[in-house]
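Student: I would like to go through a protein model with you. Could we start once it is on the screen?

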Amino acid sequence: MAALLHSLSVPRSSPITASSSPIHRRPAVRLPDARGLKLTFTSPTLTLKTPSSRLARAGRIVCEAQETALEVLAVTDTTWDSLVLGSESAVLVEFWAPWCGPCRMIHPVIDALAGEYAGKLKCYKLNTDESPSIATRYGIRSIPTVMIFKGGEKKDAIIGAVPKTTLISSIEKFL
C-alpha cells in the first residue's frame, strides 16, 4: 500500500481521500477516522501514524480496542473491593482483554446497558491481562465473561458475546 500511495505521488501533507486514486473520479470526500483495529504502514517516504501517537511497525495491525472501551469505567486490582464488592447497588463487570474479538463485539452492548440502567446498575470493565488475580479469584477461563454482583457477592455469570436481551434478563433478576 505504501508503494501504491508513493506511486500516486500523494503529497505527505495532504489527507488521503477517495479521489486520491486515479481510479475514483468522484468529488473529494474525507475518509472517516476509524477506531479499534487499524492497519498502519511505515516506509522511508511515507509514515502513517495512529491517532494515539503510537507508531506501528511496518504492516502490523494495531489494536486500540482498550481506548475504545473506556466509555464504561475500568476497575483494577486496587479499586475492585471499593467499586464492586463495596457497592450498595448491583454491579455488572465485563471481564475482557484487548486482543479478544468477541470482547470488542460486546463492548457497545455493555456501553448501552450502562446508559439504560444508569442510577440502578453500576457497570465496569476489567482487563484480565492487567488484573489477572481478580480473574483467577472468580474462575474466569473464557472471555468475555459478564458477572453481576450484589451485596459484595457474585450472583450470576454470562460467558461469551451474548445478545443484549440475554444480559437484560440476567440484570432484571437482581434489580
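Tutor: Let us begin with a term: a disulfide is a pair of cysteine sulfur atoms within 2.5 Å. The structure holds one disulfide. Please note that this is a predicted model, in which local features need pLDDT of at least 70 and side-chain atom pairs count only at pLDDT 80 or more, while totals for chains, interfaces and linings use all residues. Residues are numbered from 1 along each chain as its sequence is written, and side-chain values use heavy atoms, with hydrogens and water left out.

Student: Which residues form the disulfide?

Tutor: Cys100 and Cys103 form it, with their sulfur atoms 2.5 Å apart. The link of Cys100 and Cys103 is right-handed, with 80° about the S-S bond.

Student: Are Cys100 and Cys103 buried or exposed?

Tutor: Both Cys100 and Cys103 are buried. Buried means under 20% relative accessible area, exposed means over 50%, and partly exposed lies in between, using a 1.4 Å probe and protein chains only.

Student: And why does Cys123 count as buried?

Tutor: Cys123 counts as buried because its relative accessibility is 9%.

Student: Let us step back. How many helices and strands are there in the protein?

Tutor: There are six helices and six strands. Helices (H or I, at least four residues) and strands (E, at least two) are DSSP runs, numbered from the N terminus. Along the sequence the pattern reads α-β-β-α-α-β-α-β-α-β-β-α.

Student: What share of the residues is buried?

Tutor: Of the 175 residues of the protein, 37% count as buried. The protein exposes about 10,300 Å², and carbon and sulfur atoms supply 57% of that area. Accessible areas come from the Shrake-Rupley method with a 1.4 Å probe; for residues, only the protein chains shown count as cover.

Student: Now the strands. Which strand does strand 5 join through six bridges?

Tutor: Strand 5 (residues 145-150) is joined by six bridges to strand 6 (residues 153-159), and the two run antiparallel. Two strands pair if DSSP finds at least two bridges between them. Within this pairing, Val146 stands opposite Ile158, and Ile148 stands opposite Asp156.

Student: What lies between strand 5 and strand 6?

Tutor: The two strands form a hairpin with two residues between them, and Gly151 in the turn has a positive phi of about 65°.

Student: Which strand pairs with strand 5 over five bridges?

Tutor: That is strand 3 (residues 90-96), again in the antiparallel sense. Here Glu94 stands opposite Val146. Strand 5 is mostly covered, as five of its six residues are buried.

Student: Changing topic: how many aromatic pairs does the structure hold?

Tutor: It holds four aromatic pairs. Rings of Phe, Tyr and Trp (its six-membered ring) pair if their centres lie within 6.5 Å; planes under 30 degrees apart count as stacked, over 60 as edge-to-face and the rest as tilted. One of the pairs is Trp80 with Phe95, which is tilted at 6.1 Å centre to centre and 50° between the planes. This pair links distant parts of the chain, with Trp80 in helix 3 (residues 80-85) and Phe95 in strand 3, 15 residues apart. Both Trp80 and Phe95 are buried.

Student: How do Trp80 and Phe149 pair?

Tutor: Their pair is edge-to-face, at 5.4 Å centre to centre and 85° between the planes. Trp80 in helix 3 and Phe149 in strand 5 are 69 residues apart, so this pair too links distant parts of the chain. Phe149 is buried, with a relative accessible area of 0%.

Student: Which residues form the aromatic cluster?

Tutor: Trp80, Phe95, Tyr138 and Phe149 form one cluster.

Student: Finally, which residues of helix 6 are buried?

Tutor: In helix 6 (residues 164-172), Leu167, Ser170 and Ile171 are buried. They lie on the same side of helix 6 because they cover an arc of only 100° around the axis. The arc is that of the directions from the helix axis to the C-beta atoms.

Student: What covers them?

Tutor: The cover of the buried residues of helix 6 includes strand 3, helix 4 (101-116), strand 4 (121-127), strand 5 and strand 6.

Methods: Contact means heavy atoms within 4.5 Å.
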